Amino acid sequence: MPTNAQILLDNRPITEATLGNFKLVTNETPALQDGQVLVRHHYLSLDPYMRGRMNDAKSYTAPQPLGEVMGGGTVGEVMESRSPLLAVGDKVVGMGGWQHYSVVDAATPGALRQVDTTHVPLSYYLGAVGMPGVTAWYGLNKIIEGKAGQTLVVSAATGAVGSAFAALAKTRGCRVVGIAGGPAKCQYATAELGFDACIDYKLHADAPSLSRALKDVCPDGVDGYFENVGGMVLDAVMLRMNAFGRIALCGMIAGYDGKPLPMNHPALILMSRLKIQGFIVSEHMNVWPEALQELGMLVATGKLRPRETVAQGLPAAPEAFLGLLKGKNLGKQIVKLI
């Protein structure tokens, strides 16, 4: 069995995560038992939720254990099989973590999913046609319930979730406005992702200023908001929400370093009769087949053209991850391992 390079969580961050929180090691890959397969990872997914798991704090899932391989989504190829369910050469998606190889019990529900790369590149199963895409699909359809003619807003607009959200919302006849950081991202949002408008939040020092900019591009108010950021951005959008507006709360990246994220205008929830619902997409596996089918079709037909920021090699993963948390990526952040 091959020698396996791995990145472990060595210690927990005090405030901001640093390169010193991670440790690169090598270990021998264990021999396969009956029912298991050896997967060689081609790509590793980096996602903002991983920062929350680095803290030893109450959350929707257990903290990342110290001294163990950092958890995360992977796509790769079956290199050896002792299971009738998967053959050598099959392409699979799983949660192999920050390492080159994983040994997986193929019969464990949800452990591995075989994918077709005929029309969808393998790496896209970590982004547009994977967990981020399904996240966008669920928030749009099950919480925001976007309908033709409505105005919808999404923060972190050019990331993997935001780009999928725009494509899905446009197919439903919605007007879609993004919030992103920097002119390059805003240009990408309108020129390539199909956003009707995009606001550069870096041009605004506070929520009232950002809210005024939002008013200019959403003169009829905001009917639905997909939230990935929190903090000032959430305050700004809430000031523009229409009565009975819906907010799908997916991420709060502004607070992942442990800083409090106060809400400045909670009375608006009552005054505007807002629906605010947080969700974790892995708790809604029943919708994944329907969502993945639509997302795959959008990619295959060119209606969703996601970009990827690719870091080369496993040792580059920690620095790429820290860059993701600061918004340095454009589109989906992945690490190429092969």
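## Aromatic contacts

This predicted model contains six aromatic pairs.

**Exercise 1.** Classify the ring pair F165 and F226, and work out which parts of the chain the pair ties together.

*Solution.* 
- Start with the geometry: the ring centres of F165 and F226 are 5.3 Å apart, with 55 degrees between the planes.
- Edge-to-face needs over 60 degrees and stacked needs under 30, so the F165–F226 pair goes down as tilted.
- Next, place the residues. F165 belongs to helix α3 (residues 160–171) and F226 to strand β11 (residues 222–227), so the pair ties together parts 61 residues apart in sequence.
- Both F165 and F226 are buried.

**Exercise 2.** Now do the pair F226 and F279: what is its type, and are the two rings buried or exposed?

*Solution.* 
- The centre-to-centre distance is 6.1 Å and the planes make 80 degrees, which is edge-to-face.
- This pair also links distant parts of the chain: F226 is in strand β11, while F279 sits in the loop between β13 (275–278) and α8, 53 residues away.
- Buried means under 20% relative accessible area. F226 comes out at 0%, so it's buried, and F279 at 6%, so it's buried too.
- Zooming out, F226 and F279 belong to one aromatic cluster along with Y138 and F165.

**Exercise 3.** Which ring does the charged end of R273 sit over, and at what distance from the centre?

*Solution.* Look at F244: the charged end of R273 is over its ring, 4.7 Å from the centre.

## Strands and a pocket

**Exercise 4.** Trace how β5 is joined to β4 and to β7.

*Solution.* 
- Take β4 (residues 74–81) and β5 (residues 91–94): they run antiparallel and share four bridges. In this pairing, G76 faces V92 of β5.
- Now go from β5 to β7: again antiparallel, with three bridges. Here V93 is opposite R113 in β7.

**Exercise 5.** Describe the second largest pocket: what is its volume, which element gives the largest share of its lining, and how do the lining residues divide by type?

*Solution.* 
- The volume is about 180 Å³.
- For the lining, pick out R113, Q114, V115, D116, H119, V120, Y125, V129, L292, G296 and A300.
- Two elements each give two or more residues: β7 (112–114) and α8 (288–300). The largest share, three residues, is from α8.
- By type, the lining splits into six nonpolar, three polar and two charged residues.

Conventions
Residues are numbered from 1 along each chain as its sequence is written. This is a predicted model: local features need pLDDT of at least 70, side-chain atom pairs count only at pLDDT 80 or more; totals for chains, interfaces and linings use all residues. Side-chain values use heavy atoms; hydrogens and water are left out. On a 1 Å grid over the protein atoms alone, a cavity is a set of points where a 1.4 Å probe fits but cannot get out, and a pocket is an open set with protein on both sides within 12 Å along at least five of seven lines; lining residues have an atom within 4 Å of a point. Grid points are joined across faces, edges and corners, and a volume is the space filled by probe spheres set on the points. Ala, Val, Leu, Ile, Met, Phe, Trp, Tyr, Cys and Pro count as nonpolar, Asp, Glu, Lys and Arg as charged, and the others, Gly among them, as polar. Two strands pair if DSSP finds at least two bridges between them. Rings of Phe, Tyr and Trp (its six-membered ring) pair if their centres lie within 6.5 Å; planes under 30 degrees apart count as stacked, over 60 as edge-to-face and the rest as tilted. Buried means under 20% relative accessible area, exposed over 50%, partly exposed in between (1.4 Å probe, protein chains only). A charge sits over a ring if NZ of Lys or CZ of Arg is within 6 Å of the ring centre and within 35 degrees of the ring normal.
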